[in-house]
Amino acid sequence: MGFGSYDESEQRNQEIETDDGDSESVSVHEHEHDGDVEYEIDASTDTLLDELQKIKDHTETTE
């Protein structure tokens, strides 16, 4: 066999041991929520843009 090849017979009938003892399984659907998310922002667009500019200016001066 050359580089990167494998024997397909090794791929058949593989037994994987799992410990099904006292371990707890996790349900991926346990905390699903259907709904909408809404945000109420009391600040104006100009105020938010000013705050963003302050953050950018501060980041530039500290680098």
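Patches are built from residues with over 30% relative accessible area and no salt bridge; like charges are joined within 9 Å, and nonpolar side chains (Val, Leu, Ile, Met, Phe, Trp, Tyr) within 5 Å. Accessible areas come from the Shrake-Rupley method with a 1.4 Å probe, and for residues only the protein chains shown count as cover. The model is predicted: local features need pLDDT of at least 70, side-chain atom pairs count only at pLDDT 80 or more, and totals for chains, interfaces and linings use all residues. Residues are numbered from 1 along each chain as its sequence is written, and side-chain values use heavy atoms, with hydrogens and water left out.

The protein chain holds 1 helix and 0 strands. Helices (H or I, at least four residues) and strands (E, at least two) are DSSP runs, numbered from the N terminus. Of the 63 residues, 0% count as buried. Buried means under 20% relative accessible area, exposed over 50%, and partly exposed in between (1.4 Å probe, protein chains only). The accessible surface of the chain is about 7,200 Å². Carbon and sulfur atoms account for 46% of that surface.

A nonpolar surface patch comprises Val37, Tyr39, Ile41 and Leu48. Together they have about 500 Å² of accessible area. Val37 sits in the segment before H1. Its relative accessibility is 64%, so Val37 counts as exposed.

Asp36, Glu38, Glu40 and Asp42 form a negative surface patch. Asp and Glu count as negative, Lys and Arg as positive; His and the chain ends are not counted. Each charge is placed at NZ of Lys, CZ of Arg, CG of Asp or CD of Glu. Asp36 precedes helix H1 (45–62). This residue is exposed, at 72% relative accessible area.

The model has 1 salt bridge, defined as a side-chain nitrogen of Lys or Arg within 4 Å of a carboxyl oxygen of Asp or Glu. Glu51 pairs with Lys54 (3.4 Å, N to O). Both residues lie in helix H1, 3 residues apart, about one turn of the helix. Glu51 is partly exposed at 40% relative accessibility, whereas Lys54 is exposed at 53%.
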